[in-house]
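Here is a short briefing for a first look at this model. Keep the structure in view and follow the topics in turn.

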Amino acid sequence: MAKRPWIGTNWKMNKTFVEADEFARIVAGSDFADGAKAQLFAIPSFPAISRVAEALKETKVLVGAQNIHWEDAGQFTGEVSAVQARDAGARLALIGHSERREMFGETDETVALKAAAALRQGLVALVCIGDTRDEFDAGRTAEVLKRQTEIALSKIDWTAGEPTVVVAYEPVWSIGVRGTPAEPGFVEEQHGRIKQLFGSVVGRDLPLLYGGSVNPGNAVDLATREGIDGLFIGRSAWDANGLLAIARDVTDALA
Ligand SMILES: O=C(CO)[C@H](O)COP(=O)(O)O
């Protein structure tokens, strides 16, 4: 049976409401809106979550929040809880993105707390892990991925319902305009390593996505590799038609 990949995009700090509405309108009218061929997801900035969720409410496309706090409420100025993200229409929470780790003090410990908070509110927890350029250059990739995976999954109650935890491997050195796209063979090797960790750490398989300079030129090769359950895309999918074109190429290749 053809694999039903996860394919989604993190908008980061981009898009006006007009641009957000246009993106949602195009995706809602696409042949991927019913979720049959792929699990699409889009992660807007906080202000646009409600309107994007409203525009996509008749679809199976998941709308996410780019971050959440680990508490459900409290004196945390500037923060947004999983409760509030869900009220806004989010059904997924992005946790531990490398930009939050690098610039906003995110740690393995806060990632673990936030993953538990997301699941407490019935959100999909999309947890990012990845090695930095220095860690890669020092040959520490395996060690870093093991530590990040073990800690990120350490506070999840796997007996509470059916927690949906999705992990994204995003080598930090492959991300963004200054990133070097990772070789698909290298990615496949790391995904095999991470999949083994899922077995040893939580005793179950979890969807494992790849992110980091995914583009129309490498998407099919990446998505058809062993252990890659989907793609997590930034720049190449900020345009809705870019996202849909990659989704079409990938699902055609997996059919
Ligand atoms: O957020 C991301 C989407 O996976 C990640 O930072 C990759 O961004 P991109 O290199 O612009 O695809």
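Two strands count as paired if DSSP finds at least two bridges between them. With that in mind, note that the model is predicted. A closed barrel of eight strands runs S1-S2-S3-S4-S5-S6-S7-S8, with parallel pairing. Neighbouring strands of this sheet are turned by 25° against each other on average, direction ignored.

- Strand S5 spans residues 124-129, and six of its six residues are buried.
- On one side of S5 sit Val124, Leu126 and Cys128, and on the other Ala125, Val127 and Ile129. Both faces are covered, and these residues are all buried.
- In a regular strand the side chains alternate between the two faces of the sheet.
- S5 pairs with S4 in the parallel sense, over four bridges. Leucine 94 stands opposite leucine 126 of S5.
- S5 is also joined to strand S6 (residues 165-169) by five bridges, and the two run parallel. Here alanine 125 stands opposite valine 165 of S6.

**Strand S8 and its partners**

- Strand S1 (residues 6-10) and strand S8 (residues 230-233) run parallel and are joined by four bridges.
- Which residue of S8 is the bridge partner of glycine 8? That partner is phenylalanine 232.
- Isoleucine 7 has leucine 231 as its bridge partner in S8.
- S8 also pairs with S7, in the parallel sense and over three bridges. Leucine 209 stands opposite glycine 230 of S8.
- Both faces of S8 are covered. Gly230 and Phe232 lie on one side, Leu231 and Ile233 on the other, and all are buried.

**Helices against the sheet and each other**

- Helix H7 lies across S5 and S6. The direction of H7 is at about 155° to S5.
- Helix H8 packs on the sheet too, touching S5, S6 and strand S7 (208-211). The direction of H8 makes about 150° with that of S7.
- Helix H5 (residues 108-120) packs with helix H7 (residues 141-152) at an angle of about 35°. Their axes are 8 Å apart.
- H5 passes H7 in a right-handed crossing.
- From H5, the contact uses Asp108, Glu109, Val111, Ala112 and Ala115. From H7, Arg147, Gln148, Ile151 and Ala152 take part.
- By class, this contact of H5 with H7 has five nonpolar, one polar and three charged residues.

**Histidine 97**

- Histidine 97 sits in the loop between strand S4 (92-95) and helix H4 (98-103).
- Is histidine 97 buried or exposed? Its relative accessibility is 4%, so histidine 97 counts as buried, the cut-off for buried being under 20%.
- A polar atom of the histidine 97 side chain lies 3.0 Å from the backbone nitrogen of glutamate 99.
- Not counting residues up to four places away in sequence, histidine 97 touches Asn10, Lys12, Cys128 and Glu170. Of these, Cys128 belongs to the buried residues of S5.

**Two lysines with positive phi**

- Most residues other than glycine have a negative phi.
- Lysine 12 has a positive phi of about 55° although it is not a glycine. Lysine 12 lies in the loop between S1 and helix H1 (17-28).
- Lysine 12 has a relative accessible area of 17%, so lysine 12 is buried.
- Lysine 15 also lies in the loop between S1 and H1. Phi of lysine 15 is near 85°, again a positive value in a residue other than glycine.
- Lysine 15 has 27% relative accessibility, so lysine 15 counts as partly exposed.

**Glutamine 190**

- Glutamine 190 lies in helix H8 (residues 184-202).
- With 2% relative accessibility, glutamine 190 counts as buried.
- Leaving aside neighbours within four places in sequence, glutamine 190 is in contact with Thr141, Leu145 and Tyr169.
- Glutamine 190 and asparagine 67 are 123 residues apart along the chain. Their C-alpha atoms are separated by 25 Å.

Note on methods. Residues are numbered from 1 along each chain as its sequence is written. This is a predicted model: local features need pLDDT of at least 70, side-chain atom pairs count only at pLDDT 80 or more; totals for chains, interfaces and linings use all residues. Side-chain values use heavy atoms; hydrogens and water are left out. Buried means under 20% relative accessible area, exposed over 50%, partly exposed in between (1.4 Å probe, protein chains only). A polar contact is a pair of N or O atoms within 3.5 Å; within protein, one must be able to donate a hydrogen and the other to accept it, and residues adjacent in sequence count only if both atoms are side-chain atoms. Contact means heavy atoms within 4.5 Å. Axes are lines fitted to C-alpha atoms, for helices over the stretch in contact, and angles run from 0 to 180 degrees between N-to-C directions. A crossing is left-handed if the near helix is turned anticlockwise from the far one by less than a right angle, and right-handed if clockwise. Ala, Val, Leu, Ile, Met, Phe, Trp, Tyr, Cys and Pro count as nonpolar, Asp, Glu, Lys and Arg as charged, and the others, Gly among them, as polar.
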